[in-house]
Amino acid sequence: MKNKTKNLLIISLAPTILKDGKYWSYSPYVNEMDVWFKYADEQRILAPFSYPEDVLIKPFSTATIERYYIPFFAFNSLFNILKALLFMPFIVFQMIRAMAWADHIHLRCPANVSLVASFVQILFPWKNKSTKYAGNWDPNSNQPWTYRLQQAILRNTFLTQNMKVLVYGDWPGETANVYPFISATYYDSERVPLHAKNYSKELVFVFAGMLVPGKRPLMTIQFIEQLNKQGISSRLEMFGDGPLMSDMKTYVEEHSLGKHIILRGNQDKTIVKAALLDSHFNILLSKSEGWPKAVAEGMFFGCIPVATSVSCVGWMMGHGSRGIIVKPKLESAINEFIKVFNSADLNEMARCAMDWSQKYTFNRLEGDIKDVLNGTFESRI
């Protein structure tokens, strides 16, 4: 193995907040960045120090992080565009300072900060670089123009040199600097054997995610409601919270679904894990996804995913060999689920799902990150 990267720079929208003498940020981001920092001698972050919304935060394990300050900015209104243009000379100056210091530049995309950084990195073609593109890389999907612009710059090997672009899923026809890259939640030690489940009794589904319109939590409840109406006894364990929680509670009460829909709210990882171990399916009827973490986590424990084919979901589910892919309309989704449910070998499907997901552990992710920083990474998808 090569020596550690000397100076590692992270450029991210995720706010880096000083609290109780430590730097804090968004918890899932911190979990991964602690691994990146482990393989560098010095670590610096360029990110806003504040954010207009509350986020789930935890402290970084690394105690020697330094920061480059930039203000939070956005392009979602005329006022914010004008404010961003006012700040832009300072933001670009900070990025040039930071990139000049770094031996390895790592961008976290897609975001407004990374959009600007994707232009500034062109000035440093000799530097080692990587990008974690955490959004939907699907070239045929409908996305904001700013995301499309970032993708165009990153995949352009003339403008973007010495860069490994790490994306979710395997997309044929991409440029040579784009690499499939899988995230992870669980460790090698958390692998479990498959236990055959009885699919002739009450079916138990798990939803784990934010209760926001993009995740379609109401449609998920209606999906379970319709299965019961059609004589397929089903129960939904719903984990997560968000702005739609009160709407979910109201719908469950007004339609007398209390025995079929259990709203658990935010729960510890161990409680969600126990639910996945005991459930038949995990369900995600999203409009859009980057890395559908809930799908991969359910598959890890032999939960068959029921999901819409957005982003890399269809690829993860083996295009139907290790999960049930449904249409984004409720009636079509119900019909497709029932068709597969009545015809497929569900325990074999669960085994295929588990075998695939258990290849991508946090231990493997750490090895991949180390290889990216060493310049030796080759995708093992």
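Q: Let's start with Ser-311: buried or exposed?
A: Keep in mind that this is a predicted model. Ser-311 has a relative accessible area of 8%, so it counts as buried.

Q: Where does Ser-311 sit, and what is its phi?
A: Ser-311 is in the loop between β15 and α9 (313-316). Its phi is positive, about 50°, although Ser-311 is not a glycine. Most residues other than glycine have a negative phi.

Q: And Asp-20, what's its phi?
A: Asp-20 isn't a glycine either, and its phi is positive at about 55°. You'll find Asp-20 in the loop between β2 (17-19) and β3 (22-26).

Q: Is Asp-20 buried or exposed?
A: Exposed: Asp-20 has 68% relative accessibility, and the cut-off for exposed is over 50%.

Q: OK, switching to the sheet with β11 in it. What's the strand order?
A: It's an open sheet of 6 strands, in the order β13-β12-β11-β14-β15-β16, and the pairing is parallel.

Q: Which strands are at the edges, and why does one side of each lack a neighbour?
A: The edge strands are β13 (261-265) and β16 (324-326). Each has a single partner strand, so one side of each has no neighbour in the sheet. Going from one strand to the next, the twist averages 20°.

Q: How many bridges hold β11 and β12 together?
A: 6 bridges, in the parallel sense, between β11 (residues 203-208) and β12 (residues 234-239). As one example, Val-206 has Glu-237 in β12 as its bridge partner.

Q: Which strands does α5 lie across?
A: Helix α5 (residues 217-229) lies across β11, β12, β13, β14 (281-284) and β15 (304-308). It runs at about 165° to β12.

Q: What about α8, which strands does that one touch?
A: Helix α8 (residues 293-300) packs on the sheet and touches β11, β14 and β15. Its direction makes about 175° with that of β14.

Q: There's a Met-299 I'm curious about. Where is that?
A: Met-299 is in helix α8. Met-299 has 0% relative accessibility, so it counts as buried.

Q: New topic: α3. How many of its residues are buried?
A: 8 of the 9, so α3 is largely enclosed by the rest of the structure. Among the buried ones are Asn-112, Ser-114, Ser-118 and Val-120.

Q: What covers them?
A: The cover for the buried residues of α3 includes the strands β1 (5-11), β4 (40-48), β6 (66-70) and β7 (104-109). It also includes the helices α2 (78-101) and α4 (145-155).

Q: What's in the loop between β7 and α3?
A: Pro-110 is in that loop. Cys-109 and Pro-110 are joined by a cis peptide bond, with omega about -5°. Most peptide bonds are trans.

Q: And how do β7 and β8 pair?
A: They pair in the parallel sense, over 6 bridges. Leu-107 stands opposite Thr-131 in β8. β8 is mostly covered, with 5 of its 6 residues buried.

Q: Last one: where is Gln-121, and which side chain does it make a polar contact with?
A: Gln-121 is in the loop between α3 (112-120) and β8 (128-133). Its side chain makes a polar contact of 2.8 Å with that of Lys-129.

Q: Is Gln-121 buried or exposed?
A: Gln-121 is at 0% relative accessibility, so it counts as buried. Leaving aside neighbours within four places in sequence, its contacts include Met-99, Ile-153, Leu-159, Thr-160 and Met-163.

How values were computed: Residues numbered from 1 in each chain as written. Predicted model: local features only at pLDDT ≥ 70, side-chain atom pairs only at ≥ 80, totals over all residues. Heavy atoms only, no water. Pairing = 2+ DSSP bridges. Helix = DSSP H or I, 4+ residues; strand = E, 2+ residues; numbered from the N terminus. Axes fitted to C-alpha atoms, helices over the stretch in contact; angles between N-to-C directions. Contact = heavy atoms within 4.5 Å. Buried < 20%, exposed > 50% of the residue type's maximum accessible area, 1.4 Å probe, protein only. Polar contact = N/O pair within 3.5 Å; in protein donor to acceptor, adjacent residues only side chain to side chain.
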